[in-house]
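Biologist: I'm new to this one. Could you walk me through how you decide on the words you use for it?

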Amino acid sequence: TAINKLIKLEPGDAEARIFRGKIHWAQGSQQQGDTDLSCATRIAPEHPEVILFQAKIYAKAQQLYREAVEALQDGRLDMCVTLVGDAMALTNHCDMKLLLLRATAHRKSGDHQAALADVDKAACSYLSAMLGQSGVEDDEKELGDDVDYGPLRAELEQKLSLVAPAKKEPPQLTRQRSLVWNEMALSHMLAGDHKLALPYLRDVISAEAKLMRDAAGFEQTEEG
């Protein structure tokens, strides 16, 4: 069609992308329409049609988040994970609120490794943002599912401590990680494998001590 030819010739034409996206929507091809509008968002983020599209996407993601919370509260853990994934696909794969919610669902279902991955992914996203705000150019890493977030988190924490020692990961991340470690330790203890439980117990103690130190430092800052 003419619009497809135009986009092939001018892939950076936001108006053409928006127009074709609306055609897809009118024909019932929601995903194809969303793809075109997403492309238009990258090309012309201030375009009125793009702003309207983003508002609709955000509202849909928020609804999915609320449904995911309800699923978690009802014990429908698999549904919670699915809904969070759908919300991430619409907005941000590194959204801390969504990752923490999914981590909670994974933890409650006993998938501790998946829970830790989500917590550390959220931490990496946050720490990278803090490094950027501190003027540090960090090698951008794609935060995909195949990344080992534990070592990456430690690396980013080390970098941030050198340029902005007062900035720490949010306590809810540390607390959620501590909960996962605690459950992993308990699982090993119940299985009679105390040697495997011990490192996780040490991690829990370290995490709780970190929370206390950070809280004390915050209080001192407030008093000062």
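Modeller: Let's start with Gln-176, which sits in helix α9, residues 171-190. Keep in mind that this is a predicted model.

Biologist: Why is Gln-176 called buried?

Modeller: Its relative accessible area is 9%. Buried means under 20%, so Gln-176 with its 9% is buried.

Biologist: And what is Gln-176 in contact with, leaving aside its neighbours within four places in sequence?

Modeller: With that exclusion, you'll find Leu-100, Ala-103, Thr-104, Arg-107 and Val-119 in contact with Gln-176. Contact here means heavy atoms within 4.5 Å.

Biologist: Okay, now Lys-22 in helix α2. Why does Lys-22 count as partly exposed?

Modeller: Lys-22 comes out at 38% relative accessibility. Buried would need a value under 20%, and exposed one over 50%. Since 38% falls in between, Lys-22 counts as partly exposed.

Biologist: Which residues have the most contacts inside the largest nonpolar core?

Modeller: That core has 20 residues, and the ones with the most contacts inside it are Ala-68, Leu-72, Cys-80, Val-84, Leu-101 and Leu-173. Helices α4 (48-73), α5 (77-90), α6 (96-109) and α7 (112-133) each give two or more residues to it. Take Ala-68: not counting residues up to four places away in sequence, it touches Cys-80, Leu-83, Val-84 and Leu-101. There's also a second, separate core of nine residues, with Cys-124, Leu-127, Leu-152 and Leu-160 among them.

Biologist: Last one: how do helices α1 and α2 pack?

Modeller: Helix α1 (residues 2-9) and helix α2 (residues 14-26) pack at about 145 degrees, and their axes are 10 Å apart. Their crossing is left-handed. From α1 the contact uses Ile-3, Asn-4, Leu-6 and Ile-7, while α2 brings Ala-16, Arg-17, Phe-19 and Arg-20.

Biologist: And how many of those residues are nonpolar, polar and charged?

Modeller: Five are nonpolar, one is polar and two are charged. Arg counts as charged, so Arg-17 and Arg-20 of α2 belong to that class.

Key: Residues are numbered from 1 along each chain as its sequence is written. This is a predicted model: local features need pLDDT of at least 70, side-chain atom pairs count only at pLDDT 80 or more; totals for chains, interfaces and linings use all residues. Side-chain values use heavy atoms; hydrogens and water are left out. Axes are lines fitted to C-alpha atoms, for helices over the stretch in contact, and angles run from 0 to 180 degrees between N-to-C directions. Helices (H or I, at least four residues) and strands (E, at least two) are DSSP runs, numbered from the N terminus. A crossing is left-handed if the near helix is turned anticlockwise from the far one by less than a right angle, and right-handed if clockwise. A nonpolar core is a set of buried Ala, Val, Leu, Ile, Met, Phe, Trp, Tyr and Cys residues joined through side-chain atoms within 4.5 Å. Buried means under 20% relative accessible area, exposed over 50%, partly exposed in between (1.4 Å probe, protein chains only).
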